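Subject: Structure handover

Hello,

Here is the structure for you to look over. My notes on what was found follow below it.

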Amino acid sequence: MSQVILRAKGLAKRFGHVQALHQVDLELIRGKLTVFLGENGAGKTTTLKIILGFLFPDAGSVEKIQQDLRIGYVPEQPAFFPWLKGEEILELTAGLFGRGESELKKRRDDAAAFLSFDVSQLNRRVRTYSHGNQKKMAYLQSMLINPDLLIVDEPFTALDPVAIKQVRDLFIRLKEKGKTVFISSHLISEAEKLADQVIIIKQGKTLLQVDWPEFVQKRIYLRTRRVGSSEKIILGRWPESQTSDDWLEAFILRREWEEFLSGLNDDLKKTVLKDVEIRSPDLESFFFFWNR
Amino acid sequence: MSFGYPLRFSFYLSWKKVLRTKIFFFLAAGFVIFLTIFWWQAGYLYARRFFFLLFPYLFLLIAQDIFREEIDSGSLENVIFIRFSFRSYLQEKNVSLFLLGTIASTLVFLPFLLTSLFRGDFSWAMFSSFLAGLMAGLYYISLAGLLGLRLRSGSNVLAIILIQVFLFLGLLVTSTSGASGRDIIDLLISGEPQGSRERLILFSFLALWPNALTSRSYASLGLKLEALALIFLFLGLQAWRLSRLELKRE
């Protein structure tokens, strides 16, 4: 049974005249990777910062269901105290989280090897690192504390293709260890490879949270041009379908689709099957479906 | 190294920052060189007097960039501050900077103390002046911290120094403007107010230039309590502002 470790309910936040969040609800489940999707300005980063305690919500609450939840965090653009060297930042982090010197070195070397991070750089101030290495440094720092929950804002920003794969592997390794990962990303293709849960946010409101593998297994993606009789038939059966100028789209249950087809006479069935494109749901179509 | 306590953590960060801030070293070295030259040219007693009047500025110096730069840079949006509140860390900075200032001041004070022992003119009043200077230092940190919640890049310190420059220019003009002007200067030198108007003038002067606390003329308990009340006021306002602080960098 899935175990919720953190729950946000009814989050709202206003910055001056801008209502950044209206109603954000989400649940993070132990051992699952949750992808947080939304357009620019939808409220993803604001939500993450409220969860992390960097912002106060105007309304709503964040409930950490697991006691002593150890949270790691990698921001989109990590920044460090400019006067500290990489090694000092890691020592400070290890010291704060009660990690000894030997454990620090073991965890540091382990994570550095995994991310191909050259540890000799740690003798320099972090502000002298490249953007990619600063991002890796933020991962290294979070790995040091052995987090129960890792929150990452745009995990692949500033990383080269090799590092992107390494980060993806890191998330998989964390999941295998029963850790929870929560990422906000615009790189849908990468997110799709990892997603267990998908949350869509639009204009500061959570539209939905779905179990992605289950969704893919149980539903199909249906698309048809808005010409011909099939559109009316589909809309009549699934009024929640989305329409754009040219297209009608829907994510429908496979079972319902099969029942629907079996209820049509042969001519109608042929017409519908000729007009309608059916495939397994993909995250990009899903995202655009909810962001029309 | 264990940083189980926020104060130790804040002290470590402040210590490293001061160690690696070149301007602090240049100005602190300038202060020591100035005192050495003064000692050599005008003698020990004058140098000691200048030390007491000026050493609270060491605190002002290390309070530059106390808050805003760190808040805006994004360095507080770090995994560390999920464990330890960044608001507590910023508040603890008052204490850690005060400790750092006290260490630096004590190092400069020691030669004066040892010389007085060697010369045989040691008096406990030296300690009283030193403690009053530490209080002035804390006053500077609390005020610079309050200003530093808005002003960045050392402009919190610059604002205080500019106000003091205008104060002294104003006093210079006042001193040449007739009998009433000279009365004010006499009052500020004696530190003994007669009536509520003079008391107000003296309190205002002290609020703008707390270094005066180190002078024996300003040894009265009332003046010390005034400084202490202002320190609590500044720290209280800081705490209130910090408790509502958010990291809004996008």
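A crossing of two helices is called right-handed if the near helix is turned clockwise from the far one by less than a right angle, and left-handed if it is turned anticlockwise. Please keep in mind that this is a predicted model.

Helix pair in chain B

By that convention, helix 11 of chain B and helix 12 of chain B cross in the right-handed sense. Helix 11 covers residues 195-208 of chain B and helix 12 covers residues 221-243 of chain B; their axes are 10 Å apart and the packing angle is about 50°. On the side of helix 11 of chain B the contact is made by Phe203(B), Leu206(B) and Ala207(B), and helix 12 of chain B contributes Leu223(B), Glu226(B), Ala227(B) and Leu230(B). Sorted by class, this contact has six nonpolar residues, one charged residue and no polar ones.

Domains of chain A

Chain A is split into domain 1 (4-213) and domain 2 (215-290), and the C-alpha centres of these two domains of chain A lie 36 Å apart. Between them, 13 residues of domain 1 of chain A are in contact with eight residues of domain 2 of chain A. On the domain 1 side, the elements of chain A that give two or more residues are helix 6 (188-194), strand 8 (197-202), strand 9 (205-211) and helix 7 (212-218). That side of domain 1 of chain A has ten nonpolar and three charged residues, with no polar ones.

Sheet in chain A

Four strands of chain A form an open, antiparallel sheet in the order 11-12-10-13. Strand 11 (242-243) and strand 13 (276-279) of chain A are at the edges with a single partner strand each, so one side of each has no neighbour in the sheet. Strand 10 (residues 219-225) and strand 12 (residues 247-253) of chain A pair over seven bridges in the antiparallel sense. Leu222(A) is opposite Ala250(A) of strand 12 of chain A. Helix 8 (residues 230-237) of chain A packs on the sheet and touches strand 10, strand 12 and strand 13 of chain A; the direction of helix 8 makes about 40° with that of strand 12 of chain A.

Contact between the chains

Chain A gives 27 residues to the contact and chain B gives 22 residues. Helix 2 of chain A supplies the largest share of the chain A side, six residues. By class, the side of chain A that touches chain B has 16 nonpolar, eight polar and three charged residues.

Regards

Terms used: Residues are numbered from 1 along each chain as its sequence is written. Chains are lettered from A and ligands numbered from 1 in the order in which they are written. This is a predicted model: local features need pLDDT of at least 70, side-chain atom pairs count only at pLDDT 80 or more; totals for chains, interfaces and linings use all residues. Domain bounds come from an automatic or database domain assignment. Two residues are in contact if their C-beta atoms, placed from the backbone, lie within 7 Å. Ala, Val, Leu, Ile, Met, Phe, Trp, Tyr, Cys and Pro count as nonpolar, Asp, Glu, Lys and Arg as charged, and the others, Gly among them, as polar. Axes are lines fitted to C-alpha atoms, for helices over the stretch in contact, and angles run from 0 to 180 degrees between N-to-C directions. Two strands pair if DSSP finds at least two bridges between them.
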